[in-house]
Amino acid sequence: EKAEGREKIQTKMQDLEKECRIAKESLDLFVKENTKLRRQKEEKEEEEAAPSHPRQRMQVMEMRLDEVTRRCEILIKNRDRELKDKTDIISKLQERVLQQSKENIALDQKWDERVQQKEEG
């Protein structure tokens, strides 16, 4: 019975660790994508600011840049929101792992006390 309880706890801990690892990997992915989008935005801005472009082409490029910037800002806002959500998930998972660890320690102590009482009694 004690082994079964420990096995269940170990399985829960492994599941929580797996969820935490997946959340961290997702967070890393979102950070990389966010960085890539910011870099693309900066490259577009630098490209459009080059003085070698004729005036008409520059105006067309500025309109495109405005559109790309608008889309990037929307994407970045979404990524930032998703990043915050993932961070919140990781925090909750960490709290859950900590709480589970405390419960496991308490359960182990309880079982040890019961075993000692049984041996003494």
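This is a predicted model: local features need pLDDT of at least 70, side-chain atom pairs count only at pLDDT 80 or more; totals for chains, interfaces and linings use all residues.
Of the 121 residues of the protein, 20% count as buried.

The secondary structure consists of two helices and zero strands. The radius of gyration is 27 Å, whereas the globule rule gives 14 Å for 121 residues; because the value is well over that figure, the protein is more spread out than a compact globule. The dimensions of the C-alpha trace can be followed in the structure above: along the principal axes, the trace spans about 95 × 15 × 15 Å.

Among contacts in the protein with a separation of 6 or more, 83% are accounted for by residues 24 or more positions apart.

The surface may be considered next. The accessible surface of the protein comes to about 9800 Å², and carbon and sulfur atoms contribute 49% of that area. As for charge, the protein carries 29 positive and 30 negative side chains. The centres of these two sets lie 3 Å apart.

Finally, the cysteines deserve attention. Cys20 has a relative accessible area of 12% and is therefore buried, since the term applies under 20% relative accessible area. Cys72 has a relative accessible area of 5%, so this residue is buried too. As for bonds between cysteine sulfur atoms, the structure holds zero disulfides.

Terms used
Residues are numbered from 1 along each chain as its sequence is written. Side-chain values use heavy atoms; hydrogens and water are left out. A disulfide is a pair of cysteine sulfur atoms within 2.5 Å. Buried means under 20% relative accessible area, exposed over 50%, partly exposed in between (1.4 Å probe, protein chains only). Helices (H or I, at least four residues) and strands (E, at least two) are DSSP runs, numbered from the N terminus. The radius of gyration is taken over C-alpha atoms; the globule rule is 2.2 Å times the number of residues to the power 0.38. Contact means heavy atoms within 4.5 Å. Accessible areas come from the Shrake-Rupley method with a 1.4 Å probe; for residues, only the protein chains shown count as cover. Lys and Arg count as positive and Asp and Glu as negative; His and the chain ends are not counted. The place of a charge is taken as NZ of Lys, CZ of Arg, CG of Asp or CD of Glu.
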